[in-house]
Amino acid sequence: MKNLPKGPRYGLWHMLGDPYDATLGFQRKYGDPFMYSSLGVKFFITGNPEGIKTIMTADPDTFEPPFGDSLGIFLGQSSLFMMSGSRHRAARKLLTPPFHGARMRAYGTLMRDTTLRWISGWEPGRRFVMQDTTQAITLDIIIEAVFGVSGAERIRRFHDSMVATVASFSPLIVMFKFLRRNFLGLGPWARFQHQYSALRQLVFDEIAAHRAAPEGRQDILSLLILARYEDGGGLSDQEIFEHLLTLLMAGHETTALALAWACYFLHRNPEALARLRAELSTVGLGPGARPQDAEPEAIAKLPYLEAVCQECLRLRPLPVVSRKLARPLTVLDYELPAGMLLGAGAYLVHMNPDIYPEPEKFRPERFLDRNYSPFEYLPFGGGARRCIGAAFAMYEMKIVLATMLATSRLELAEKKPVKSVMRAATVGPKGGVRMVLAERLG
């Protein structure tokens with residue numbers, strides 16, 4: 001067996017800037033795989049498809065939650081992110097059905113109408129930040145489709161509470177345990193606890209209302225109330241709350257950022273934008289059309305639209321898909337001990353020129369010409385922990401993006417390239433992608 005590979009001494013601090021440039025820079029300097037140590041944690045990272053295959057196809061019991069202590073204070077112990085072994089498998093089986101088939105497609109109209117409501121606030125000729133709009137859209141979709149909230153005032157209350165709770169989840173309390181104390185009601189922990197408790201009460205009230213009147217509901221909260229384990233047992237209110245928080249954290253900002261990046265890349269590549277507009281016209285989304293007249297399902301089946309979304313996710317995925325070893329594992333002839341963190345380098349493999357020629361270029365047609373293995377393309381992770389909301393997220397990206405383009409002619413407000421920046425648990429466009437509404441089309 002080989003000695004552990006080399007890498008930067010303080011890799012984590014480099015990642016806090018532009019993690020895409022950092023990971024590529026580490027690979028070029030140290031080779032693949034490489035590793036770094038920071039804050040007492042050793043991290044083994046590879047962008048080699050064979051190494052990624054080993055990680056993703058290993059026995060799921062090989063791993064344990066990688067960031068349990070940090071995420072647990074927000075998500076709770078019932079979150080999929082916090083589970084492993086048979087408990088994780090049982091919970092995943094319970095939670096997967098709502099995100100597939102007719103149940104998932106039933107949300108298409110909601111996605112379209114939510115988009116129309118938020119983009120109606122754009123003013124012609126005035127700059128706005130696309131990421132602000134996409135975050136508002138995806139959050140309201142989650143509030144209605146996942147949490148089952150209805151009524152404008154109650155949706156607004158949930159929206160404000162969720163934004164405040166997520167904002168209060170400071171990196172300081174994630175990184176430093178000693179700050180997780182209430183200093184006479186002051187400090188980041190006190191702020192987080194206050195916002196978290198307020199959101200928890202809102203959700204518990206919503207669960208009670210759903211249990212009292214379950215008829216005719218299509219939302220995921222209702223499906224979780226009805227869900228049963230193989231032994232016939234159901235979920236407690238606290239378990240439902242923690243599952244919903246997981247879906248909020250996993251599905252809100254990630255999709256919002258992907259949509260902001262999609263608008264950026266399309267408007268930097270006019271030929272791709274023109275080709276997509278031409279395809280949208282084939283389902284009734286040409287100039288002057290009403291988005292309400294197009295079937296969401298027909299939109300979701302458009303091949304170039306799907307390729308555009310796939311290419312955006314290739315260029316801007318979560319840079320590294322993390323796992324933590326509960327027992328030793330051999331990867332690429334390196335014997336790795338229990339307790340080590342592993343990283344499947346999604347961005348590294350997505351930028352491999354042998355797999356993706358001219359990888360830095362925005363070329364959606366590459367997804368029309370070839371199918372990629374789950375070890376070459378992994379925007380939603382992979383293996384036993386692949387994102388259960390992947391189909392929902394892709395469907396949402398297509399409907400929201402198509403609705404925007406059908407009703408608006410947009411322009412980038414800045415000509416210079418937009419850099420990436422590390423956020424709390426994601427990577428977003430620095431500045432949020434500033435745009436201008438040039439013309440309303442419908």
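Val433 counts as buried, at 2% relative accessibility. Buried means under 20% relative accessible area, exposed means over 50%, and partly exposed lies in between, with a 1.4 Å probe and protein chains only. The model is predicted, so local features need pLDDT of at least 70 and side-chain atom pairs count only at pLDDT 80 or more, while totals for chains, interfaces and linings use all residues. Residues are numbered from 1 along each chain as its sequence is written, and side-chain values use heavy atoms, with hydrogens and water left out.

Val433 sits in the loop between strand S11 (427-429) and strand S12 (434-440). Helices (H or I, at least four residues) and strands (E, at least two) are DSSP runs, numbered from the N terminus. Phi of Val433 is positive, near 70°, in a residue other than glycine. Leu332 also is not a glycine and has a positive phi, of about 50°. Leu332 belongs to the loop between strand S6 (329-331) and strand S7 (334-336). Leu332 is partly exposed, with a relative accessible area of 23%. Another backbone feature is the cis peptide bond that joins Asp32 and Pro33, with omega about 5°. Pro33 lies in the loop between helix H2 (19-30) and strand S1 (34-38).

Two packed helices are described by the angle between their axes and the distance between the axes. Helix H14 (residues 253-268) and helix H15 (residues 270-281) pack at about 105°, and their axes are 5 Å apart. That makes H14 roughly perpendicular to H15. Axes are lines fitted to C-alpha atoms, for helices over the stretch in contact, and angles run from 0 to 180 degrees between N-to-C directions. Angles of 65 to 115 degrees count as roughly perpendicular, under 35 as roughly parallel, over 145 as roughly antiparallel and the rest as oblique. H14 brings Leu266, His267 and Arg268 to the contact, and H15 brings Pro270, Ala272, Leu273 and Leu276. Contact means heavy atoms within 4.5 Å. The residues of this contact divide into five nonpolar, one polar and one charged. Ala, Val, Leu, Ile, Met, Phe, Trp, Tyr, Cys and Pro count as nonpolar, Asp, Glu, Lys and Arg as charged, and the others, Gly among them, as polar.

The 12 residues of H15 should span 16 Å at 1.5 Å a residue, and its end C-alpha atoms are 17 Å apart, which agrees. The expected span is 1.5 Å times one less than the number of residues. In H15, the buried residues are Ala272, Leu273, Leu276, Glu279 and Leu280. Seen down the axis of H15, they fall within an arc of 125°, so they line one face of the helix. The arc is that of the directions from the helix axis to the C-beta atoms. An α-helix has 3.6 residues a turn, so residues three or four places apart point the same way. Pro270 and Glu271 are exposed on the other side of H15. The cover over the buried residues of H15 includes H14, helix H17 (303-315) and helix H20 (390-407).

H17 reaches 18 Å from its first C-alpha to its last, close to the 18 Å expected for its 13 residues. In H17, 11 of the 13 residues are buried, so this helix is largely enclosed by the rest of the structure. Among them are Tyr304, Cys309, Glu311 and Arg314. The partners of the buried H17 residues include H14, H15, helix H16 (296-300) and H20.

Thr403 lies in helix H20. Thr403 is buried, with a relative accessible area of 3%. Neighbours within four places in sequence aside, Thr403 is in contact with Arg112, Thr115, Leu116, Ile119 and Pro291.
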